[in-house]
Amino acid sequence: MIPDLPSSQVLEIMSWLFWLWLVGFAALPMAQRLFGDHCDHGYVAGKILGWLGFAYIPWLAASMGIVSFGSTGPVIGLLAMAVAFVAFRPTKWEINWVSILRIELGFGVLFILGLAARLHAPDIAGLEKFMDLGFLASSMRAETMPPPDMWMSGETINYYYYGHSGAALWALLTNVSADHGYQLHMATLFGLTGLGVYRLVRELSRPAGRTLSVIGGITGTMLVLYAGNFHSVLYTIFRPLMNAVNPQFYYPDSTRFIGFDPITEDKAFTEFVAYGFHVGDMHAHVLATPIAVLTALVLLSTLRNNWTAQSAVYRYAILLGWLLGLSYMTNAWDLAINGLLALLTGAILLIRSRQPILGTVDRYLAVGMTCLAITFLTMTPFLNSFVAFVEGIRLVNLQTPFWQLLVIYGHGIFAIAVFFMLFITHQDRQQPEHVFTGVLAFTVVLLIAIPEFVYVKDAHGEDYARANTMFKLSFRSQMFLQISALVVVILLTASSRRKFILGCILSVPLISTFSYAGITFQSPGIVKNLDGLAFLKEERAIANFVNTLPLTKGEAILEAGGESFSDGGRISAVTGQPTVLGWLGHEVLWRGYGQKIADRQAAVKHAYESQNIRQLCDVLQSYNVRYIVVSQVEKTLYPDLQDAVFDQVGHTIYQTGAGRVIAPDPETCS
Amino acid sequence: MIGSWKQVLDQNFARWVGICLLLGTCLRLQGLDWDGWQQFHPDERNIVYAALSLTASNWHVPDFLAYNGLSLYTPLAIAHLISASPDVADVTWAARLLSALLSSLSVGFGCLIAIRIGDRLAGQIAILLLATSAPLIQWAHFGTTESSMILFVLILWWLSLRVMSGEETLLRAAIYSGIAIGVACGFKTTALAFALIPGMTLIVLVRQFGWKLVFPCMTGILIAGAIFLATTPALLFKTEQYLSVMAFERGVVSGQTDVFWTWQFSDAVDVLYEFRSLWQVLDGGMLLLAVVGVFLLSKQKFRQTIPMLAFVIIYLLIVSQWHAKFIRYLAPVLPVLLIYAAVAVARLITGWSSSARVLSAFSLLLTVATGLMMALSFQAEDPRINAHRYLKAHMNEGDAILREPVDVGAPLFGSPNVAVLPLIEASSPEKVSDISSLVANADWLVMNSRRHWSVLPKLTERFRYMCGYYSALEHGEFGLQEVARFSRNQILRGLTYPGLGAEETRIVFDRPEVIVFKRRSAILAQAIEDRITTRSDSCGVPTF
């Protein structure tokens, strides 16, 4: 594995891991004040906090136009973490280096496993990887935030780009290329998710004793990172009984089940974390996963502290508000999901409070307002330029058949049902770990139920009306389901003999989902190269050349656009250099299909297919095109391409067997 | 914890007041050249040119009578301090300097008032609020009269409080009030309404003093009248013209005089519009806190503020009935509301309720933040100047530029190739034909602000085709494509920039959004006309 990597890439990985460690360590004093109740005194939570905190200040400053994100962002981020370290460091500080080493080793293992998960199909192509890489590459070049939209020159990204800009900052810090940064950041997300889940399960199963909680933590990590949902069990092992439409099981089937098998007019996606890491899209919901885990850890600590110390109240509210704000900017849905978790936790605390009602309500109201205000403050720079493209909340027309919900969630739903039945009467409901497990479980139920009643209307057609709503809620609910069900199993097995047997029975469907690991688990031995651009083949040299071109603000390259998920827009995606129009479908989703997009679509087509110099010049001048790419993809997407015409407006500045780059002559078109 | 920081604030009272005063002054004095001295504020431009036209022989009969004498004399006098022959830029600078300094003085007076009706903490919060109030800072950057009106309202309130508390004799208070009202009227006739403040004070005190009020009252009126006449000699020497101008202004205000700058109020609902305006400029929370502040006053202090409360209520009732609803009409009550809000914040933040503390703290922070962002925005370049530079860099020799009527713009728009669209001419088939012809021949089209595109499409009965015109323009049907957009750079603009529903003068003078269109394809005039008429059948207000 490591010996197979080129030495330069080994250095990149070491550098990456070093900075991750350093930034996490810088956040440790702050984390210890907040998560001192954790077994590791907040080290894991601090690592995630540091990873988030490093990216936030540079982003904020760049959003206000105070600093250049690309050139000074990393330094600003490190300075911010240094200030945080100094500000929160106690005068007498004891550090358990052994514990830190253990955790870092664990993270290192997860990181390598994450690299393996990414690099089993290293090409950053397919699904929406172009988009994610484009956001990252564009952010690396950006002066201010939001970064330029690499697929619509002259505009800025109108999507949840914050997570991508964070990834870009890490790539800048470690001085790696955009594609290497992509691979390494996916591994980071894998590692942080795994570490966070381990910590969460360990803390929640603490009443079961140390041994069981450690086993639980490891199992929980593996479940979330590798296991599937119940469909992946039923439609493999019990396939003959399930009346499946397709002859064979294909791993995405577990995420495309409702509406697909059997086919109906109500299609929904039910992805989960392991699938997300396996397909390797650094998409918003994947980027936001460690934030969701950290939010859960914060809420657990809040419950544990039981709001006894006044100062602690506002500390958690401020941190929670900040996390909710980051959630929105990374993956808008997570504001609602994490907010729901927070709301339920707050409600529990309110109900359990033994203080006079007026004072209690007043205090919780104050804390809630503080949290909301911080959320809003955090989001404000993002909202400054973001134009929401959803069209409101609607009532659903069709609902999922109950049996299909059981297929998707059956591996854990029975465990949490048992938990509720036992929990309501049991004395252990005074324990914060039990309470928070119940909160997680109840959140799962709500997240499953919500898309059966309402959905968020977007640009998808009627057949896929609920698809995105179900996708986003299901992705998070699956993780919480795995965690809460596992904790229930552990707590049961640590109880009486009868409950031990019950726990074993309930563990069967949950553990059986590990069968999906046959697809998702990748041996570290396949980690041989971080390169994600091999798919470009002969066009790679052109992409590398375009990457070096000096475009100023407002200038653009011209390349083939095309429909979403096509090869169009690939040069701008891998370099971050803005093109006139990239993936049409995505731009329509983000901005609506208006005259602007229609004009650009026509302009790009005319530019490549017209024999009229004037028409070509019009396009070049209208969109400030400095360089034109004419290569294999252009020739494929525009069969009527007039190659010779380009020689009349400029001269070739780079040429390979695959194609060339032309620089238009300003005088020719003026 | 709250007790400790209150103690710290109290111990550093003078320091806090000094810092806030300095902050407020600096925020007002910086960025006075926000338009590069290009005279983008129309009222200010009128004042400056009227001031410059004054000579030794005609000083008493200025050409511009909408503002009174002091509005012209004081900037001119200040300008003469820096230059023997002041020009437009000098007088503009002087007018803005005066506005900024008067606004800074208001900050101090507001603190004094808040201490009287609240306590020292209220005074400290009031001075912070007034120092960083976004609308006050904005008006301080204009050489018009809002800042002076605010100062005189606060002076009169302060005098009223002194009389109500027995610290000032009736006669002295009447003399000072007379001077204040006289000088205020010397700036703008609207200040006559401020007589309500001493008037209401007298009414409250009539039981206590009875006939003894008559002499001071008459004295005050005489002094006010004398100063008013002395500072506005045009009332004596050009009476007919003066009264005619006042009648015109009255007509504009009541809606009887049809002028384009009041068309924006065509669908405004009385009281609701003013409430919404106040809500927006006070960032919501402060308006609520102002109401709370009134109720949190002690009985004694409440009695002392009755005259001002009465003034606010009566004044708002009056202006809310007007057809014209410019935000500047609310200027006299804004600082009053901020002071009451400061009283509320001071009480709530030290009170028992945690949620009230949090609400007050965040409202305060929000107001301070928006004010700071407003102030900093004056450091950014004016969007019309940026648009001018863009055009100069991109246009070719002989290019035809179209612009909208009665809208200020870059100096380029005096050149022979600039034509004006007859958008606000009376509706007729010839108008559409003229517009179509101009558009067909234009290489560039510039919209310097939203004052037409956000208003004319709503007036479908009066301007049948303007909705269709703007809709077709927005959808690129004229062969013109948006190529550039300029706005005044403002941190967190999405949070602070007034939306389409806001009164236009909040943005069109100093921070409009300029949109530049360029010819991309030739479209015949007849085709343009057809597109305008077709779209006019079903269109709404554009969103640009």
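**View 1. Centres of the two domains of chain B.** The centres of domain 1 of chain B and domain 2 of chain B, taken over C-alpha atoms, are separated by 36 Å. The bounds, which come from an automatic or database domain assignment, are 2–250 + 260–377 for domain 1 and 383–535 for domain 2 of chain B. The model is predicted: local features need pLDDT of at least 70, side-chain atom pairs count only at pLDDT 80 or more, and totals for chains, interfaces and linings use all residues. Residues are numbered from 1 along each chain as its sequence is written, while chains are lettered from A and ligands numbered from 1 in the order in which they are written.

**View 2. Contact between domain 1 and domain 2 of chain B.** Domain 1 of chain B contributes 25 residues and domain 2 of chain B contributes 24 residues; two residues are in contact if their C-beta atoms, placed from the backbone, lie within 7 Å. On the side of domain 1 of chain B that touches domain 2 of chain B, the elements giving two or more residues are helix H14 (272–281) and helix H18 (354–377) of chain B. H18(B) gives the most to this side, with five residues. Helices (H or I, at least four residues) and strands (E, at least two) are DSSP runs, numbered from the N terminus. This side of domain 1 of chain B has ten nonpolar, eleven polar and four charged residues. Ala, Val, Leu, Ile, Met, Phe, Trp, Tyr, Cys and Pro count as nonpolar, Asp, Glu, Lys and Arg as charged, and the others, Gly among them, as polar.

**View 3. Open sheet of chain B.** Five strands of chain B form an open sheet in the order S2-S1-S3-S5-S4, with mixed pairing. Strand S2 (418–420) and strand S4 (480–486) of chain B are the edge strands, each pairing on one side only. Two strands pair if DSSP finds at least two bridges between them. From one strand to the next, the twist averages 25°, with axes as lines fitted to C-alpha atoms and angles running from 0 to 180 degrees between N-to-C directions.

**View 4. Strands S1 and S3 of chain B.** Strand S1 (residues 401–403) and strand S3 (residues 444–447) of chain B run parallel and are joined by three bridges. B:Leu402 has B:Leu445 in S3(B) as its bridge partner.

**View 5. Contact between chain A and chain B.** The contact takes 17 residues from chain A and 16 residues from chain B. Helix H16 (357–383), helix H25 (595–609) and helix H26 (613–622) of chain A each give two or more residues to the side of chain A that touches chain B. H16(A) gives the most to that side, with ten residues.
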